Amino acid sequence: MGAERWPIQLQLAVVATACIGCSLAHQHLVGDSIWSIPPSNEFYSNWASNRSFAVGDDLVFRFELGFYDVVQVSRREFDSCSADNAFRSFLVGPATVSLNEEGVFYFLCSFGNYCLLGQKLSVTVQRLLPPTGASPSSTPPASRPHRK
């Protein structure tokens with residue numbers, strides 16, 4: 001029986017099943033809430049440590065205009081809570097940052113002493129490995145923490 005004779009629901013189910021894994025991009029709402037001064041200095045690092053970030057994912061920073069910002073900085077600036085040579089600045093929320101390459105990326109709020117109070121985030125972005133069985137020479141993907 002040709003595909004043209006399959007009921008439309010079955011055709012859609014086949015297409016949906018074939019596409020599982022096609023788009024694994026994930027939007028991460030930073031802190032699972034608004035981007036603001038956290039209750040502890042470790043809040044954002046703890047949040048990030050419980051997630052995995054992959055190339056193609058997005059970080060979404062929700063914040064109020066004029067109260068907070070998001071600045072992408074170097075490791076040195078992140079450690080010193082400085083934004084003197086920022087790579088990018090986002091002044092209007094919500095700000096969506098696409099994670100387009102592997103590496104460690106650093107973000108902070110440049111308002112007042114908010115960074116010193118813990119309003120900073122670093123994420124390690126990894127490239128997703130192809131699904132197992134993609135090619136005979138492929139190795140199984142590394143175990144990844146649950147993606148929230």
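Author: Buried means under 20% relative accessible area, exposed means over 50%, and partly exposed is in between (1.4 Å probe, protein chains only). The model is predicted, so local features need pLDDT of at least 70 and side-chain atom pairs count only at pLDDT 80 or more, while totals for chains, interfaces and linings use all residues. Residues are numbered from 1 along each chain as its sequence is written, and side-chain values use heavy atoms, with hydrogens and water left out.

Reader: Is Cys109 buried or exposed?

Author: The relative accessibility of Cys109 is 2%. Buried means under 20%. Cys109 therefore counts as buried.

Reader: What share of the residues of the protein chain count as buried?

Author: The same cut-off of under 20% relative accessible area applies here. The protein chain has 148 residues. The share of them that count as buried is 30%.

Reader: What pattern does the protein chain follow along the sequence?

Author: Helices (H or I, at least four residues) and strands (E, at least two) are DSSP runs, numbered from the N terminus. The protein chain has three helices and eight strands. Read along the sequence, the pattern is α-β-α-β-β-β-α-β-β-β-β.

Reader: What is the strand order in the open sheet of five strands?

Author: Strands of a sheet pair through backbone hydrogen bonds, either parallel or antiparallel. Two strands are taken to pair if DSSP finds at least two bridges between them. In this open sheet of five strands the pairing is mixed, and the order is 2-8-7-4-5.

Reader: Which cysteines form a disulfide?

Author: A disulfide is a pair of cysteine sulfur atoms within 2.5 Å. By this rule the count comes to one disulfide. With sulfur atoms 2.1 Å apart, the pair is Cys81 and Cys115.

Reader: What is the handedness of the disulfide of Cys81 and Cys115?

Author: The torsion about the S-S bond is about -70 degrees. The disulfide is therefore left-handed.

Reader: How far from Cys109 is the nearest cysteine sulfur?

Author: Cys109 is in no disulfide. The nearest cysteine sulfur is that of Cys115, and its distance is 8.3 Å.

Reader: What is the relative accessibility of Gln119?

Author: Gln119 is found in the loop between strand 7 and strand 8. Contact means heavy atoms within 4.5 Å. Not counting residues up to four places away in sequence, Gln119 touches residues including Trp35, Tyr44, Tyr68, Cys109 and Tyr114. Gln119 counts as buried, at a relative accessibility of 0%.

Reader: Which residue forms a salt bridge with Arg51?

Author: A salt bridge is a side-chain nitrogen of Lys or Arg within 4 Å of a carboxyl oxygen of Asp or Glu. By this rule the count comes to three salt bridges. For Arg51, the closest N and O atoms are 2.6 Å apart, and the partner is Asp32.

Reader: Is Asp32 buried, exposed or partly exposed?

Author: Asp32 lies in strand 1 (residues 27-34), whereas Arg51 is in the loop between helix 2 (43-49) and strand 2, 19 residues apart. Arg51 is buried, with a relative accessible area of 9%. At 49%, Asp32 is partly exposed.

Reader: In which helix do Arg75 and Asp79 both lie?

Author: The side chains of Arg75 and Asp79 meet in a salt bridge at 3.0 Å, N to O. The two residues are four apart, about one turn of the helix, and both lie in helix 3.

Reader: Which residue forms a salt bridge with Arg127?

Author: Arg127 lies in the segment after strand 8. The closest N and O atoms of the pair are 3.5 Å apart, and the partner is Glu102.
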